[in-house]
Amino acid sequence: LSRQGGDEFLLLLTNVAEPDAIATFTRELMARLIEPFDIGGRELTVSVSVGVAIFPEDGADYGTLLKKADMAMYRAKEAGRNAYRFFNEEMNDDALAQATLLAGLRRALDAGQFSLYYQPQFEIASGRLLGAEALIRWRHPDLGVVCPGRFIPVAEESGLIVEIGEWVIHEACREAIKWHASGAPDLVVAVNLSAVQFKRGEVEKTVARALEASGLDPAMLELELTESILIRDTENVLATVKRLKLMGVKLSIDDFGTGYS
């Protein structure tokens, strides 16, 4: 047993007869670790996520085994913690696919590979067109059209979502001006804000620059915030939200009731 660093530990099991024995051992280990600890009269609990790689099936050297155990551990975390996962080739394929997407994302903005599609929004009672929501698409030179569900999480994890999000706001504002010039002055354009973008990016400055560059009336821009944005660092988030509101832009909660509500 050794400490790898931070809150990560390595456990080497030797003379294991079969994978089932590893699973049995891991379940017993986790059962012990999730029991409350009494430290200085205080009761503390921890969660544990375990990733398993097997020699020689998953690798013949330390570096390969460590990498694959790490992949499996993160898959266990994604399962909700207090879980364990064995490495499998699907994880390897996922990791390679993620790396391919990330490499492509770094070039996509400069290469002009992003485009916005617009989903119209109607007033149900009258059927009147109120505006449209901007939806990003990525036309990858090799993979074809990549849907947001595949590349947005990669963009968020890498931080590239800040630049991409800024491009979306600017592009959507420019498009709305075209609508107004063509005889539809009352159409509002809606843009989704990523939680990472909201936290790391200078959202107020980005919005102000986009409105100034395009000449769009702030009342014609709607920013859609997810609940995940609103429940973290609440004081600072609400202060930013109030400042955005003072700028005159519309605000709405996206996917309301589907997540934390």
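**Entry 1: Leu 116**

I started at Leu 116, which counts as buried at 14% relative accessibility. My cut-offs: buried is under 20% relative accessible area, exposed is over 50%, and partly exposed lies in between, with a 1.4 Å probe and protein chains only. This is a predicted model, so I note that local features need pLDDT of at least 70 and side-chain atom pairs count only at pLDDT 80 or more, while totals for chains, interfaces and linings use all residues. Residues are numbered from 1 along each chain as its sequence is written, and side-chain values use heavy atoms, with hydrogens and water left out.

Leu 116 sits in strand S7 (residues 114–122). Helices (H or I, at least four residues) and strands (E, at least two) are DSSP runs, numbered from the N terminus. What does Leu 116 touch, leaving aside neighbours within four places in sequence? I found Ala 134, Leu 135, Ile 136, Trp 167, Val 168, Glu 171 and Ala 172, where contact means heavy atoms within 4.5 Å.

**Entry 2: helix H7**

Next I checked the length of H7 (residues 203–214). Its 12 residues should span 16 Å at 1.5 Å a residue, and the end C-alpha atoms are 16 Å apart, which agrees. The expected span is 1.5 Å times one less than the number of residues.

Which residues of H7 are buried? I listed Val 203, Thr 206, Val 207, Ala 210, Leu 211 and Ser 214. They cover an arc of only 125 degrees around the axis, which puts them on the same side of H7; the arc is that of the directions from the helix axis to the C-beta atoms. An α-helix has 3.6 residues a turn, so residues three or four places apart point the same way.

The buried residues of H7 pack against several elements, among them helix H5 (161–181), strand S11 (221–226) and helix H9 (234–247). On the face turned away from the buried side I saw the exposed Glu 212 and Ala 213. Gly 215 follows H7 and has a positive phi, near 80 degrees.

**Entry 3: the cores**

A nonpolar core here is a set of buried Ala, Val, Leu, Ile, Met, Phe, Trp, Tyr and Cys residues joined through side-chain atoms within 4.5 Å. The largest one has 43 residues, and Leu 105, Phe 198, Val 207 and Leu 221 touch the most other members. H5 gives this core its largest share, eight residues. A second, separate core of six residues includes Met 30, Val 48, Val 50 and Val 52.

**Entry 4**

Strands S5 (residues 49–52) and S6 (residues 83–86) run parallel and are joined by four bridges; strands pair if DSSP finds at least two bridges between them.

With helix H2 (residues 62–78), S5 and S6 make a left-handed β-α-β unit. A crossover is right-handed if, with the strands pointing away from the viewer, the path from the first strand over the helix to the second runs clockwise.

In the loop between S5 and H2 I found Pro 56, joined to Phe 55 by a cis peptide bond with omega about 0 degrees.
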